[in-house]
Amino acid sequence: MRWHQKKTDDILTELRTSLQGLSSEEAQKRLEEYGLNELKEKKRKTPFMMFLDQFKDFMIIVLIAAAIISGIIGELSDTIAIVVIVVLNAIIGFVQEYRAEKAMEALKMMAALTATVMRDGMPANIPASQIVPGDVVILEAGKIVPADMRLIELAQLKVEEAALTGESIPVEKHIKVLHDEMIPLGDRKNMVYKGTTVSYGRGTGIIVATGMETELGKIATMLQEEEEVKTPLQKRLASFGQKLAIAVLAICAIVFGVGILRGESPVLMFLTAISLAVAAIPEALPAVITISLALGAKKMVKQNALIRKLPAVETLGSVTYICSDKTGTLTLNKMTVEEIFVDNKLVRSSEVGVRSKNEVSELFMALALSNDAQRDAGGNVIGDPTEIALYNIASDNGFNKKELEKDFPRIAEIPFDSERKCMTTIHKTPPTFPPLQRGGDGGVISFTKGAVEVLVERSDSISTPEGLKTLDVKEILRINERMAADGLRVLGVAMRKWDSLPSNMSPENVETGLTILGLVGMMDPPREEAKEAVTLCKTAGIKPVMITGDHPLTAKAIARRLGIIEDDSKAIITGKKLEELPLEEFEERVEKIQVYARVAPEQKLKIIKALQDKGQFVAMTGDGVNDAPALKRADIGVAMGITGTDVSKEASHMILLDDNFATIVKAVKEGRRIFDNIRKFIKYTMTSNSGEIWTIFLAPFLGLPIPLLPIHILWINLVTDGLPGLALAAEPSEKGIMSRPPRHPQESIFAHNLGTHIIWVGLLMGFVSIFTQAWSIKTGHAHWQTMVFTVLCLSQMGHVLAIRSEKESLFSQGLFSNKPLVGAFILTFALQMATIYVPFLNPIFKTEPLTFSELIFTLFLSTVVFFAVEAEKVWKRKKWKG
């Protein structure tokens with residue numbers, strides 16, 4: 001049995017304590033046995049070790065090797081460029097990891113500093129860390145609960161548990177025994193938990209768990225044990241780096257061997273092979289990825305998505321499931337009246353205004369007057385969410401509470417309590433009150449609102465256009481069920497006339513003989529933009545899933561209105577059923593479930609793990625402290641910027657600044673764009689490197705001299721990989737980016753014919769370069785090496801323009817739709833011309849000025865690759881349409 005199921009006497013016996021608390025000696029013994037009431041952290045990595053860990057990535061090791069080799073062969077500019085890129089990458093990675101450690105600190109900040117306990121039979125203020133199981137603690141408004149407690153005595157105690165359970169309004173507590181063992185934390189009304197805050201009343205309880213044994217401590221344990229999942233890009237790049245290193249070493253060994261066999265100078269061949277190795281490794285790749293992610297993150301902030309961990313930007317593009325909280329994310333987080341039953345008719349709230357004032361006046365008067373919501377100085381309505389909804393519907397239809405109170409001042413009230421499930425206010429009526437004409441001079445009217453099933457038991461009549469009629473209880477309950485089936489929270493409203501204020505103000509006397517005025521159905525309505533976002537998700541092959549602590553009927557109604565589910569009842573599961581399901585059985589069903597109702601936040605971790613075991617990529621939203629482990633475990637943990645706790649924000653990858661589901665979908669689109677652009681860079685740089693390798697590799701087999709010198713290879717590598725590659729990061733998203741399914745998380749970076757493109761376009765570049773060399777030598781042009789150098793450099797420029805889109809032609813895209821790339825193209829072209837025509841650069845780059853006819857011929861050959869890739873896209877478009 002758990003603590004909420006046990007009687008006070010059994011708890012006192014089990015914990016060897018009494019209502020007078022523990023003695024100081026016993027408390028000291030228990031402190032030694034149980035330890036301090038604090039959250040303990042695992043041993044952390046030092047910042048220095050965190051920084052060193054950033055250099056373990058295989059791609060980074062390959063780059064460091066390239067930097068060393070560049071230094072050895074005297075290319076210090078390359079060495080410096082690579083070192084800067086690697087260090088910058090390490091700093092960014094370190095900052096991300098260091099910030100991730102802050103989640104535990106935010107959790108610790110929730111702990112109380114002091115507590116009032118009974119020691120030696122007397123109240124005493126002690127540090128909260130000294131509390132032990134068996135201590136009797138006194139709580140009052142404003143205090144933070146120091147440890148998990150079973151309540152034994154209270155007076156109107158309300159506790160703010162939003163941080164722990166996600167419950168947005170303070171929870172009213174009681175001391176009765178609860179019989180259900182598997183009851184969620186938020187429903188254990190006889191318990192209070194470490195880190196929550198007393199908002200009203202007072203109470204006394206027995207400490208049943210301290211430190212890491214508390215619910216907050218269990219979250220801390222999960223947070224420290226839950227490993228962050230590697231992003232798909234990190235996995236792909238590790239694999240890519242290993243394959244690339246092996247391929248580069250093999251090619252360099254072959255080039256070196258073939259050169260030696262042909263009788264080339266061993267020194268020249270060694271330098272050529274090393275230059276090729278440096279050229280083949282895309283050292284700008286980490287920089288391009290970091291810049292792409294940083295630019296994406298900057299853009300996302302403008303769309304209300306704050307990225308905390310850079311790799312998450314790209315991960316968004318792989319998301320297959322978005323599991324979202326209902327309240328505030330899919331809905332407005334604002335209770336609104338949707339339907340009203342009045343004068344024996346059920347009408348939409350929007351249609352009420354067309355009815356005559358006399359038909360609805362009594363009901364709307366009751367909604368305005370029997371209400372504790374108020375308008376503050378700034379014009380905002382403040383109070384309980386339900387009361388605000390009733391206040392607003394009355395106000396919108398011309399029943400102003402402040403004005404009405406002048407004629408109908410409140411003279412007494414019976415507050416709401418959870419036993420009676422209703423509240424009553426009593427008002428004086430003016431001498432001339434047309435609709436009622438019931439109290440005569442100085443008469444009194446009472447308005448009662450509450451649960452429909454309670455009100456019908458206390459009523460004997462109903463108000464209709466023809467006057468009062470005998471109440472048909474079955475009919476009212478049928479209408480109540482019909483409204484509740486639509487997911488509405490239904491309240492009944494009734495009244496009673498009095499000649500004067502009753503002397504007996506007991507609920508039994510006042511709340512009887514009532515007249516039903518009507519029923520009001522409310523809900524937190526779905527956001528309009530969330531409905532569009534759900535449709536977009538489905539088009540993009542992403543399954544939206546709703547998770548809520550609400551009633552299954554409410555959850556089903558909202559999910560249907562948003563388009564998350566159709567009519568499939570198997571797509572809905574409750575938290576209780578989820579708790580009972582074995583993991584294997586749940587994993588079989590998990591991909592079919594789209595609505596989780598009455599779910600405790602800690603069950604989110606079970607949902608994530610089941611989906612991830614099925615190979616799905618999951619984005620999960622959360623705002624409470626006990627959402628933190630799930631947010632950390634999810635592929636994308638999304639915290640709420642408005643309602644989220646510091647702990648959930650620190651554990652997340654991304655924060656929604658507007659708490660809006662549609663923002664997640666916008667971020668997914670941006671993630672897809674960024675991955676597309678990283679892929680375009682890999683396509684561009686690896687094709688360029690492939691072209692250089694084929695040129696040098698094939699020339700000797702065709703009986704031609706080595707076409708390029710090491711300086712030419714390194715220059716092409718530096719100029720063409722750099723700026724044009726970085727400019728691809730700014731490429732706008734492709735058309736139909738959200739009409740295609742998500743990438744499979746295990747999909748290779750070379751999928752969708754990327755590898756084929758690299759080989760055939762690289763071969764074409766090599767062929768054009770070798771053709772330039774062979775033709776120039778045969779026709780007696782002495783400047784053949786400069787011509788090959790220029791053709792290879794400018795062919796790569798043509799290639800970068802052609803691969804801006806997978807299918808769309810550059811001519812329909814528009815040359816200036818990516819201005820940074822146009823700038824990079826012009827600058828690279830100018831720099832290449834400078835190496836040819838600026839006299840003092842000729843000896844450095846081993847070039848000679850080309851004649852006008854040679855230049856025109858070179859420029860013409862440099863366009864071959866561009867037109868070939870454009871032709872490939874024409875074929876792709878035809879295949880796509882077909």
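**Figure 1. The hairpin of strands S14 and S15 has four residues between its strands.** In this predicted model, local features need pLDDT of at least 70, side-chain atom pairs count only at pLDDT 80 or more, and totals for chains, interfaces and linings use all residues. Residues are numbered from 1 along each chain as its sequence is written, and side-chain values use heavy atoms, with hydrogens and water left out. Strands (E, at least two residues) and helices (H or I, at least four) are DSSP runs, numbered from the N terminus. Strand S14 (residues 410-417) pairs with S15 in the antiparallel sense over five bridges; two strands pair if DSSP finds at least two bridges between them. Ile414 stands opposite Thr424 in S15.

**Figure 2. Lys421 lies in the loop between S14 and S15.** The phi of Lys421 is near 60°, a positive value in a residue other than glycine. Most residues other than glycine have a negative phi. With a relative accessibility of 39%, Lys421 counts as partly exposed. Buried means under 20% relative accessible area, exposed means over 50%, and partly exposed lies in between (1.4 Å probe, protein chains only).

**Figure 3. Strand S15 (residues 422-428) is mostly covered.** Six of its seven residues are buried. Seven bridges join S15 to strand S16 (residues 444-450), and these two strands run antiparallel. The bridge partner of Thr424 in S16 is Thr448.

**Figure 4. Strands S10 and S11 form a hairpin with two residues between them.** S10 (residues 336-342) and S11 (residues 345-348) run antiparallel and are joined by four bridges. Ile340 has Val347 as its bridge partner in S11. In the turn, Asp343 has a positive phi of about 50°.

**Figure 5. Helix H21 (residues 552-562) has buried residues that pack against several other elements.** The buried residues are Thr554, Ala555, Ala557, Ile558, Ala559 and Leu562. Contact means heavy atoms within 4.5 Å. Gly563 follows H21 and has a positive phi, near 85°.

**Figure 6. Helix H24 (residues 604-613) is mostly covered, with seven of its 10 residues buried.** These buried residues are Lys604, Leu605, Ile607, Ile608, Ala610, Leu611 and Gln612. Just after H24, Gly615 takes a positive phi of about 80°. Arg598 is found in the loop between S23 and H24. Although it is not a glycine, Arg598 has a positive phi of about 50°. At 40% relative accessibility, Arg598 counts as partly exposed.

**Figure 7. The chain as a whole provides the setting for these views.** Its secondary structure comes to 36 helices and 26 strands. The radius of gyration of the chain is 36 Å, well over the 29 Å that the globule rule gives for 882 residues, so the chain is more spread out than a compact globule. The radius is taken over C-alpha atoms, and the rule is 2.2 Å times the number of residues to the power 0.38. Along the principal axes, the C-alpha atoms fill a box of roughly 120 × 75 × 50 Å. Of the 882 residues, 55% count as buried. Among contacts between residues at least 6 apart in sequence, 72% join residues at least 24 apart.
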